[in-house]
Amino acid sequence: MADSNRNAEAILTRAWQGRGPLACLLWPLSLLFGALAALRRALFALGFKRAERLPVPVIVVGNVFVGGTGKTPFSIWLIEALRAAGYTPGVVSRGYGAGGAEAVAQVHAGSAAAQVGDEPLLIVQRTGVPLVVGRRRVAAGRALLVAHPEVDVVVSDDGLQHYALVRDIEIVLSDARGVGNGWLLPAGPLREPASRRRDFSVSNLPAGSAAPAGSYAMRLEAGEAVQLASPSMRRPLANMGEGGARIAAVAGIGNPGRFFATLRGAGLAFAEHPLPDHYDFSDNPFAGLQADVILVTEKDAVKCRAIEAIQNDPRIWVVPVSARIDGALAEHIVEKLRERPTA
């Protein structure tokens, strides 16, 4: 069943890059999807559905392209940029796969990914930022501010379509896939039209690629690998293939190809093993791998560390990445924050 679902996902993903027979067959459904999405936006805009404002500014980070575009490393960068500007940020997130769908929960470094979501857990482990997950972002934001009254700006991670929360700044991320065939789901990869409003656009691109006009370029950089079983063990990423070591790269993220491209950019040769986004590793995909070194993403590592059959495998090395943003994006975000009227 998992393999058939994976194959169906791959077929659909390929179809989204062009306007071939499958995409055209699904196009009428995309018109219905677009009409329902437009109606929902209109209900909030006209006041038939209530949008609530938090007492501090809110920055929403999201994407219109379904799947991963690099929101988590960008959110980590944004948290550090806000701190450098003198702010005390907090984060709210849906927490994909998190338990207690209607409840809110604070995320701590030792939280279980199955309960709070892999991406929120990674953000907390990297930054120590106060973070609350919950399906209702307004409730999560209020709980965050009660627990951490020092927070003076809230980052909503992956909340672009959550219109119930009033936002002061919208940041839309994309990657090298652009807008695919430009159609809405299910005929294309877009949740909303590519022309939807935003305050800033950020393009997560390979080194050497130019960002589209009006967009800030983001590069993901990886310098070293960290052994999962012994985090004090670190090696330069480029040296992982020394001595003819057989390398496997495993990624359960929205766009595994981007992780593989990062490894190739470090000069590594490896066998690719893409997994579905938010893969839970319950069946230990590493057990049968014929490899001396297995490279995984940080997002996958937060789950692997909690699984006894995986956590002590000495072959597994984690590849942390950091976002680098071209231009003066941080300065412009701070300028816009300062324009917000005080309560």
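Buried means under 20% relative accessible area, exposed over 50%, and partly exposed in between (1.4 Å probe, protein chains only). The model is predicted: local features need pLDDT of at least 70, side-chain atom pairs count only at pLDDT 80 or more, and totals for chains, interfaces and linings use all residues. Residues are numbered from 1 along each chain as its sequence is written, and side-chain values use heavy atoms, with hydrogens and water left out.

**Stop 1: R126 and E298.** Select both. They form a salt bridge (a side-chain nitrogen of Lys or Arg within 4 Å of a carboxyl oxygen of Asp or Glu), with the closest N and O atoms 2.6 Å apart. R126 lies in helix α5 (118-127) and E298 in helix α8 (298-304), so the pair ties together parts 172 residues apart in sequence. Helices here are DSSP runs of H or I, at least four residues; strands are runs of E, at least two; both are numbered from the N terminus. E298 counts as buried at 13% relative accessibility. R126 is partly exposed at 30%.

**Stop 2: K299 and D277.** Their side chains meet in a salt bridge, 2.7 Å from N to O. K299 sits in helix α8, D277 in the loop between β12 and β13. K299 is buried at 9%; D277 is partly exposed at 28%.

**Stop 3: the network.** Select R41, R167, E170, E192, R196, R197, D199 and K336: salt bridges link them. Zoom in on E170 and R167, at 2.6 Å, N to O. Both are buried.

**Stop 4: the sheet.** Show the open, mixed sheet of 6 strands, ordered β10-β9-β14-β13-β11-β12. Strands pair if DSSP finds at least two bridges between them. Finish at V226, which stands opposite R234 in β10.
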